[in-house]
Amino acid sequence: MSAFASVTARRLAAAALTAGALVSAVAVPASAADHARHERSRVQISAVQYDSPGRDDRSNRSLNQEWVEITNTGRRSVNLDGWTLEDEDGRTYTFDHYRLEGRATVRIHTGIGRDTDTDLYQDRRHYVWDNRSDTATLRNDRGRFIDDESWGHHRHGGGHHGGRHLR
């Protein structure tokens with residue numbers, strides 16, 4: 001091998017090593033950025049008590065035993081301001097200035113009550129959720145579908161789509 005060929009071979013090898021080092025340097029921050037990303041929170045309907053226990057006497061106590069639970073399964077809190085919870089007949093509850101903490105659940109009662117971090121009240125004097133069949137639908141502040149929970153033979157076909165339901 002001539003001296004010229006040897007120098008050319010060394011230059012090519014050095015260029016290849018430099019290119020490999022550059023690719024590695026670019027790849028390391030990208031993978032580090034993937035690990036630095038925070039887990040996206042997932043908000044879902046986790047349970048529904050659509051038939052309050054006992055007689056349906058429209059008392060506030062009975063109305064408040066009808067509820068829907070919303071759970072944030074992620075670690076980060078989610079601002080639910082402007083989100084809606086709606087039944088098949090269009091009765092809608094809109095969240096107002098409420099933030100659901102990470103890995104937390106809030107129960108939305110039908111009747112009248114004082115809102116807390118874990119319990120919100122629709123302040124209604126009539127039942128919302130049909131005992132035979134209905135669908136609870138959760139939408140974000142832009143009206144985008146987030147989750148639903150159905151029971152019985154509801155109008156829209158299908159069945160159980162969201163979390164679990166209770167009777």
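1. Where pLDDT is low, the predicted coordinates should not be read in detail.

2. This is a predicted model. Mean pLDDT for the protein is 81, with 66% of the residues at 70 or more.

3. An open sheet is built from four strands in the order β5-β4-β9-β10, with antiparallel pairing. β5 (92-94) and β10 (145-151) are the edge strands, each pairing on one side only. From one strand to the next, the twist averages 15 degrees.

4. Within that sheet, β4 (residues 84-86) pairs with β5 over three bridges, in the antiparallel sense. Glu86 is placed opposite Thr92 of β5.

5. The largest nonpolar core has 22 residues, and the members touching the most others are Ile70, Leu85 and Phe95. At least two core residues come from each of β1 (43-49), β2 (67-72), β7 (104-109) and β9 (134-139). β1 provides the largest share, three residues. In soluble globular proteins, nonpolar side chains tend to be buried together.

6. Which residues does Ile70 touch, not counting those up to four places away in sequence? The list includes Leu85 and Phe95, along with Val43, Gln44, Ile45 and Ser46. Ile70 also touches Leu100, Ala104, Thr105, Val106, Ile108 and Leu138.

Conventions: Residues numbered from 1 in each chain as written. Predicted model: local features only at pLDDT ≥ 70, side-chain atom pairs only at ≥ 80, totals over all residues. Heavy atoms only, no water. Core = buried A, V, L, I, M, F, W, Y, C linked by side-chain atoms within 4.5 Å. Buried < 20%, exposed > 50% of the residue type's maximum accessible area, 1.4 Å probe, protein only. Contact = heavy atoms within 4.5 Å. pLDDT = per-residue confidence, 0-100. Pairing = 2+ DSSP bridges. Axes fitted to C-alpha atoms, helices over the stretch in contact; angles between N-to-C directions.
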